[in-house]
Amino acid sequence: MRQLLYALLATARSSLKPQRELALENLALRQQLAILPRKTKRPKLNKADRAFWVALCRIWPHWHSALILVKPETVIGWHRKGFKL
């Protein structure tokens, strides 16, 4: 019941966000969903995935709100290293 209430509140809050914000959030969530079907037990992010998150954190101030698969500190570390791993 609590999860349903949270989902309803999140949906109501989303209706107040600008279209650009929703599009970026949708893009971030879809990118993470694309990683999940990879064959490993714990999906690994490749260089393109890392570059995506570095680019997203540069153009969207709320990028960390949609981040589920990795920690925000990890993305910041990639950014500082120029995402060359």
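**Entry 1: the elements**

I began by counting secondary structure in this predicted model, and I found that the protein chain has 4 helices and 0 strands. Reading from the N terminus, I noted the order of the elements as α-α-α-α. I then looked up the extent of the protein chain, whose C-alpha atoms fill a box of roughly 40 × 30 × 20 Å along the principal axes. Of its 85 residues, 26% count as buried, and the chain exposes about 6700 Å², of which carbon and sulfur atoms supply 62%. I also checked the contacts with a separation of 6 or more, and residues 24 or more positions apart account for 50% of them.

How many residues of α1 are buried? I looked through its 13 residues and the count of buried ones is 0, so I wrote down that α1 is hardly covered, buried here meaning under 20% relative accessible area. Helix α1 takes in residues 2-14 and reaches 18 Å from its first C-alpha to its last, close to the 18 Å expected at 1.5 Å a residue.

The buried residues of α3 are Asp49, Arg50, Phe52, Trp53, Val54, Leu56 and Cys57, and what covers them includes α2 and α4. At the N-terminal end of α3 I found a cap made by asparagine 46, which has a side-chain oxygen 3.0 Å from the backbone nitrogen of alanine 48.

The largest nonpolar core here has 16 residues, and the members that touch the most others are Trp53, Leu56, Trp60, Trp63, Val75 and Trp78. Which helices each supply at least two residues of this core? I listed α2 (19-35), α3 (47-59) and α4 (72-81), with the largest share, 5 residues, coming from α3.

**Entry 2: an aromatic pair**

A search of the whole structure gave me 1 aromatic pair. The ring centres of phenylalanine 52 and tryptophan 53 are 5.3 Å apart and the planes stand at 90 degrees, so I recorded the pair as edge-to-face, the cut-off being over 60 degrees. Both phenylalanine 52 and tryptophan 53 are buried.

Alanine 28 lies in helix α2 and counts as buried at 0% relative accessibility. Its contacts are Phe52, Trp53, Leu56, Trp60 and Ala66, so alanine 28 touches both members of the aromatic pair. I also looked up the separation of alanine 28 and lysine 39, which are 11 residues apart along the chain, and their C-alpha atoms are separated by 21 Å.

Is glutamate 21 buried or exposed? Glutamate 21, which lies in helix α2, has 16% relative accessibility and therefore counts as buried, since the limit is 20%. I found glutamate 21 in contact with Trp60 and His62.

Last, I turned to tryptophan 60, which is in contact with Glu21, Leu24, Glu25, Ala28, Ser65 and Ala66.

Note on methods: Residues numbered from 1 in each chain as written. Predicted model: local features only at pLDDT ≥ 70, side-chain atom pairs only at ≥ 80, totals over all residues. Heavy atoms only, no water. Phe/Tyr/Trp six-rings, centres within 6.5 Å; stacked < 30°, edge-to-face > 60°. Buried < 20%, exposed > 50% of the residue type's maximum accessible area, 1.4 Å probe, protein only. Expected span 1.5 Å × (residues − 1). Core = buried A, V, L, I, M, F, W, Y, C linked by side-chain atoms within 4.5 Å. Contact = heavy atoms within 4.5 Å. Areas by Shrake-Rupley, 256 points an atom, 1.4 Å probe, with all protein chains shown as cover. Polar contact = N/O pair within 3.5 Å; in protein donor to acceptor, adjacent residues only side chain to side chain. Lists of a residue's contacts leave out its neighbours within four places in sequence.
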